[in-house]
Amino acid sequence: MTSLLDSLKQQLGPDTIQQISTQLGADPAMTSNAISVALPILLGGLGRNASNPDGAQRLDTALGAHDGSILNDLGGLLGKSGGGGIGGAILGHILGSRQAPVEQGVSKATGMNAQQVTQLLMMLAPIVMGVLGRMKQQQGLGAQQIPDVLNQGRADIEKQSPGSAGLGGILDSNHDGKIVDDVARIGSSILGNIFGQRA
């Protein structure tokens, strides 16, 4: 059974990272580093939203619409101004009121400007949902299994990149003012980059 991290790696290979970099106007090393910072936060946000039965059921229903077909044309998705409206809508659901401080923290951690970070997150959000949707289809995941898959995905990322430990739980904090600094501090400490060379 393919893990969530392995599935994400299959989608976020060197060619995809190069295309994202071109869209952002950033070099591939900076982009891959930013992806390594952003993904645990997105998985953590989804896991937080699915941490109760109602939230898990809502995510399960949403994944019915995100069946993974979007992954068949990633070039088209990334070419549409970085995820376009669908990316922004998904991102809003995942991060909610924490979106702005998370974006500021990723910017501080990676050296990307705010616009680049927003665009990157809008590209990643549909890819994450597409991967989850495809796993749901292929592995028969239901509302009860999805939180475990998300938590395992976070754990796998932290194993491969110990510096990212804590990023997945960043949204669990109720101290909004500290999120920016926490993301920047933890994100900038990532030593082993998951998605390519380190910036």
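Beyond its neighbours within four places in sequence, Val149 is in contact with Leu4, Leu132, Met135 and Leu141, contact meaning heavy atoms within 4.5 Å. The model is predicted: local features need pLDDT of at least 70, side-chain atom pairs count only at pLDDT 80 or more, and totals for chains, interfaces and linings use all residues. Residues are numbered from 1 along each chain as its sequence is written, and side-chain values use heavy atoms, with hydrogens and water left out.

- Val149 is found in helix H9; helices (H or I, at least four residues) are DSSP runs, numbered from the N terminus.
- Val149 is buried, with a relative accessible area of 15%; buried means under 20% relative accessible area, computed with a 1.4 Å probe on protein chains only.
- The C-alpha atoms of Val149 and Ser3 are separated by 7.9 Å, although these residues are 146 residues apart along the chain.
- Helix H9 covers residues 146-160, and its 15 residues should span 21 Å at 1.5 Å a residue, which agrees with the 21 Å between its end C-alpha atoms; the expected span is 1.5 Å times one less than the number of residues.
- The buried residues of H9 are Ile146, Pro147, Val149, Leu150, Gly153, Arg154, Asp156 and Ile157.
- These buried residues pack against helix H1 (4-11), helix H3 (28-49), helix H4 (53-65) and H8.

**Nonpolar core**

- The largest nonpolar core has 61 residues, and Leu4, Ile35, Leu39 and Leu150 have the most contacts inside it. H8 gives the most to this core, with 13 residues.
- A nonpolar core is a set of buried Ala, Val, Leu, Ile, Met, Phe, Trp, Tyr and Cys residues joined through side-chain atoms within 4.5 Å.
- Leu150 is in contact with Leu4, Leu43, Leu46, Gly47, Ala50, Leu59 and Leu132, leaving aside its neighbours within four places in sequence.

**Helix H8**

- Ile127 lies in helix H8 and is buried, with a relative accessible area of 1%.
- Not counting residues up to four places away in sequence, Ile127 touches Gln11, Leu12, Leu71, Leu74, Leu77 and Leu78.
- Ile127 and His66 are 61 residues apart along the chain, and their C-alpha atoms are separated by 9.6 Å.
- Gln116 also belongs to helix H8, which comprises residues 114-139.
- Gln116 is buried, with a relative accessible area of 12%, and it touches Leu24, Gly25 and Ala26, not counting residues up to four places away in sequence.

**Loop between H1 and H2**

- Gly13 is placed in the loop between H1 and helix H2 (14-24), and Gly13 is buried, with a relative accessible area of 15%.
- The C-alpha atoms of Gly13 and Phe195 are separated by 7.3 Å, with the two residues 182 residues apart along the chain.

**Largest pocket**

- The lining of the largest pocket consists of Leu46, Asn49, Gly55, Arg58, Leu59, Ala62, His66, Ala89, Ile90, His93, Ile94 and Met129. H3, H4 and helix H6 (84-95) are the elements that give two or more residues to this lining.
- The lining residues divide into seven nonpolar, four polar and one charged; Ala, Val, Leu, Ile, Met, Phe, Trp, Tyr, Cys and Pro count as nonpolar, Asp, Glu, Lys and Arg as charged, and the others, Gly among them, as polar.
- On a 1 Å grid over the protein atoms alone, a pocket is an open set of points where a 1.4 Å probe fits, with protein on both sides within 12 Å along at least five of seven lines, and lining residues have an atom within 4 Å of a point.

Key: Buried means under 20% relative accessible area, exposed over 50%, partly exposed in between (1.4 Å probe, protein chains only).
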